[in-house]
Amino acid sequence: MDLVDFTWPTVELPAAAAWMLSACSVEDGREDVEFMFDDPALIEGANAAWWNFADTGGLFDEDDCFLVSVGPVDGDPSAGPHWARVRLRSEWDVIGRGVDWGVLGGPSGRPGFVMMALDERVVVGATTWNGFISVMRLKNPALAGPIRRAMGLRD
């Protein structure tokens, strides 16, 4: 991914609330695919699941841009995560080499990230659990109970 803008000021859904994706349930609309650590095709399979969720869910705009949650800009440990606008490169590997830089988790095959479409209609993420990883998608994230509660809103 290439960084386009380090901040994206027009977002209503904060990055910190989007991290509640893994707390959302099937009733909230969360979809996920799991991959065991010992699966020899873990990275390839998880990358394919991420692409399917991202492409069919509308993560990319017409310029292949989307938002990814990143840490504090100034290194302030009390600052929360925020969004950066990025563009997908023609050659990508979000679950393997993509996590090596730490923004998307790490080490390779152990993701931990949340991404959102610029229009905020879909969140796609991945997380590492005990023994497996999960690639997830949630359409209409602002309607999901755990995300609304993280934003200080009622269900």
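Biologist: Which residues does Phe113 touch, not counting residues up to four places away in sequence?

Modeller: This is a predicted model, so read contacts as computed from it. Contact here means heavy atoms within 4.5 Å. Phe113 touches Trp19, Trp50, Val94, Ile95, Leu104, Val124, Gly125 and Ala126.

Biologist: Which members of the largest nonpolar core touch the most other members?

Modeller: That core has 27 residues, and Trp50, Leu59, Phe113, Met115 and Val135 touch the most other members. Two or more residues come from each of helix H2 (42-57), strands S3 (65-70), S4 (82-87), S5 (113-116), S6 (122-128) and S7. H2 gives the most, with six residues. Another core, of 18 residues, lies apart from it and includes Cys65, Val114, Val123 and Ile147.

Biologist: How do I read the faces of S5: which residues are on each side?

Modeller: Take the two sides in turn. Phe113 and Met115 are on one side of S5, Val114 and Met116 on the other. All four are buried, and both faces are covered.

Biologist: What are the strand partners of S5?

Modeller: Look for bridges. S3 and S5 run antiparallel and are joined by two bridges. Val68 has Met115 as its bridge partner in S5. S5 also pairs with S6, antiparallel, over four bridges. There, Val114 stands opposite Gly125. S5 and S6 form a hairpin with five residues between them. In the turn, Glu120 has a positive phi of about 65°.

Biologist: How is a pair of aromatic rings described?

Modeller: By the distance of the centres and the angle of the planes. The structure holds seven aromatic pairs. In one of them, Trp50 and Phe60, the ring centres are 6.0 Å apart. The planes stand at 75°, so the pair is edge-to-face, because planes over 60 degrees apart count as such. Trp50 is in helix H2, and Phe60 is in the loop between H2 and S3, ten residues away.

Biologist: Is Trp50 buried or exposed, and what about Phe60?

Modeller: Buried means under 20% relative accessible area. Trp50 is at 0%, so it counts as buried. Phe60 is at 17%, so it is buried too. Ring pairs link Trp50, Trp51, Phe60, Phe66 and Trp92 into a cluster.

Biologist: Which charged residue sits over the ring of Phe37?

Modeller: Arg110. Its charged end sits 3.6 Å from the ring centre. Phe132 and Phe37 are 95 residues apart in sequence but 5.1 Å apart in space, C-alpha to C-alpha. Leaving aside neighbours within four places in sequence, Phe132 contacts Glu34, Phe35, Met36, Phe37 and Thr127.

Key
Residues numbered from 1 in each chain as written. Predicted model: local features only at pLDDT ≥ 70, side-chain atom pairs only at ≥ 80, totals over all residues. Heavy atoms only, no water. Core = buried A, V, L, I, M, F, W, Y, C linked by side-chain atoms within 4.5 Å. Buried < 20%, exposed > 50% of the residue type's maximum accessible area, 1.4 Å probe, protein only. Pairing = 2+ DSSP bridges. Phe/Tyr/Trp six-rings, centres within 6.5 Å; stacked < 30°, edge-to-face > 60°. Lys NZ or Arg CZ within 6 Å of the ring centre and 35° of its normal.
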